[in-house]
Amino acid sequence: MADPARKTNPAPELADAYARVRGDSRALAAPLSDADATVQSMPDASPAKWHLAHVTWFFETMVLKPNVPGYRAFDDSFNYLFNSYYESVGERQPRPRRGMITRPHLDRILDYRAHVDAAVAELLAGDPAPSVLDLVELGLHHEQQHQELLLTDILHLFAQSPLRPAYRDPTPLPVAQGPGTARFLDFDGGIIEIGHDGDGFAYDCEGPRHQALIQPFRIADRCVTNGEWIEFIRDGGYRDPLLWLSDGWAQILEHRWSAPFYWEECDGEFWSMTLRGMQPVDPNAPVTHVSYFEADAFASWAGKRLPTEAEWEHASKGLPLAGNFAEGGAGRLRPKPAEPGRPGLRQMFGDVWEWTRSPFTPYPGFKAAEGAVGEYNGKFMNGQYVLRGGSCATPTGHIRATYRNFFQPDKRWQFSGLRLAEDA
Ligand SMILES: [Fe+2]
């Protein structure tokens, strides 16, 4: 979390940001019926209604209850319904059973949001302490994380329906020009610095900034494409155990993976479920919805490897945080082919989260914050891998070069893809 002494984001600016982010969530939910927003399609995914309520519960629990004397909770039962994983805040609805919360209705959740919004607006109109501003800011970044999850979870839900409904306009997107063969850019080895320097907002797990030793390496100037992935499939990539980590091969045997998540083969052509309904797979766009195990196997097949997170962050130094993001739900919501001919690294931000070969572990000197917010990231630092760069479902402005996303290596429902690297 940001340094409480920082001078950025005073209350009026934070109030504007609050209105914008909260409005984005309402806009993302607008195309959904109460039923769309209630059903849970798998234990990893949450109903949209739950996301909308949980982020509101976060403000109520972390910001309002401790800092607004006489604050009246909207509904005392919501603490049980919408706590995610905060042991220090009490018992909660088990995660795999969030879809059982058919009541309250979506409308009541929107009323809950309005109740909390009014209280936060009043708090910010006063002269809140810097520590309170920090919690509001954390709450906004938390809400943006859930905006992305709302989209990925709706995609998963809609993919279960025989009708394959489209969340957004299903008109096929124009086919873009191919990105050209990937070029590998050289970077020197040595002692570098990575991690957030404390200037502006960052999650606790992004710091402290520290030294890392890297060897000379080369990294691809764009992400791996669907077309390249189809070559991997046609070459028997999913059938050759020698390409796979042992745990990854076990997934293949158990789940019979033979293509990225959401892909279906029809008359020799690949189609994919997307937020715009079923669409032909665009060979020029970055591959997405692949697990760490698949990304690693592809890299082995290609005679390359995944970058480490230190290499990725070092390579991204100085690049603008521009790319194909969600734009409050108004974006493409699908990865886009890399711009042909543009020199330097392309697609580092937006399009697809890029798996790295780095496990999600604490940086040297990391300490979880005191209290409930200390449960935010620290307790997840085992058994997961770091992904970098954000995706086409990431809210615009949410990403940083130091941002560390993390998922277990078998997960595929996020917009996760890869970029290749190799030793120089
Ligand atoms: Fe959360």
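Helix axes here are lines fitted to C-alpha atoms over the stretch in contact, and angles run from 0 to 180 degrees between N-to-C directions. With that in hand, here are the close-ups of this predicted model.

**View 1. Helix H2 packs against helix H4.** H2 covers residues 48-67 and H4 covers residues 106-125; their axes sit 10 Å apart, at an angle of about 30 degrees. Angles under 35 degrees count as roughly parallel, so H2 is roughly parallel to H4. The crossing of H2 past H4 is left-handed.

**View 2. A look at the residues between H2 and H4.** On the H2 side you'll find Lys 49, Leu 52, Ala 53, Thr 56, Phe 59, Glu 60, Val 63, Leu 64 and Asn 67. Facing them from H4 are Leu 106, Ile 109, Tyr 112, Arg 113, Val 116, Ala 119, Val 120 and Leu 123. Sorted by class, this contact has twelve nonpolar, two polar and three charged residues.

**View 3. H2 also packs against helix H5.** This time the angle is about 170 degrees, and the axes are 9 Å apart. Angles over 145 degrees count as roughly antiparallel, which means H2 is roughly antiparallel to H5. From H2 come Ala 48, His 51, His 54, Val 55, Phe 58, Phe 59, Met 62, Val 63 and Asn 67. H5 brings Val 132, Leu 135, Val 136, Gly 139, His 142, Glu 143, His 146, Leu 149, Leu 150, Asp 153 and Ile 154. The tally for H2 with H5 is twelve nonpolar, six polar and two charged residues.

**View 4. Domain 1 meets domain 2.** Domain 1 runs over 11-160 and domain 2 over 184-423. Taken over C-alpha atoms, their centres are 27 Å apart. Where they touch, 22 residues of domain 1 are in contact with 19 residues of domain 2. On the domain 1 side, helix H1 (11-29) and helix H5 (130-160) are the elements that give two or more residues. H5 supplies the largest share, eleven residues. By class, that side of domain 1 has eleven nonpolar, six polar and five charged residues.

**View 5. The stretches with a UniProt domain label.** An unreviewed UniProt entry lists "domain: Sulfatase-modifying factor enzyme-like" for residues 186-320 and 341-421. Over residues 186-320, the chain is 27% helix and 22% strand, with the end C-alpha atoms 20 Å apart. Over residues 341-421, the chain is 0% helix and 21% strand, and the end C-alpha atoms are 20 Å apart.

Definitions and conventions. Residues are numbered from 1 along each chain as its sequence is written. This is a predicted model: local features need pLDDT of at least 70, side-chain atom pairs count only at pLDDT 80 or more; totals for chains, interfaces and linings use all residues. UniProt positions are given in the numbering used here, feature names are shortened, and annotations may be inferred rather than shown by experiment. Helices (H or I, at least four residues) and strands (E, at least two) are DSSP runs, numbered from the N terminus. Domain bounds come from an automatic or database domain assignment. Two residues are in contact if their C-beta atoms, placed from the backbone, lie within 7 Å. Ala, Val, Leu, Ile, Met, Phe, Trp, Tyr, Cys and Pro count as nonpolar, Asp, Glu, Lys and Arg as charged, and the others, Gly among them, as polar. Angles under 35 degrees count as roughly parallel, over 145 as roughly antiparallel, 65 to 115 as roughly perpendicular and the rest as oblique. A crossing is left-handed if the near helix is turned anticlockwise from the far one by less than a right angle, and right-handed if clockwise.
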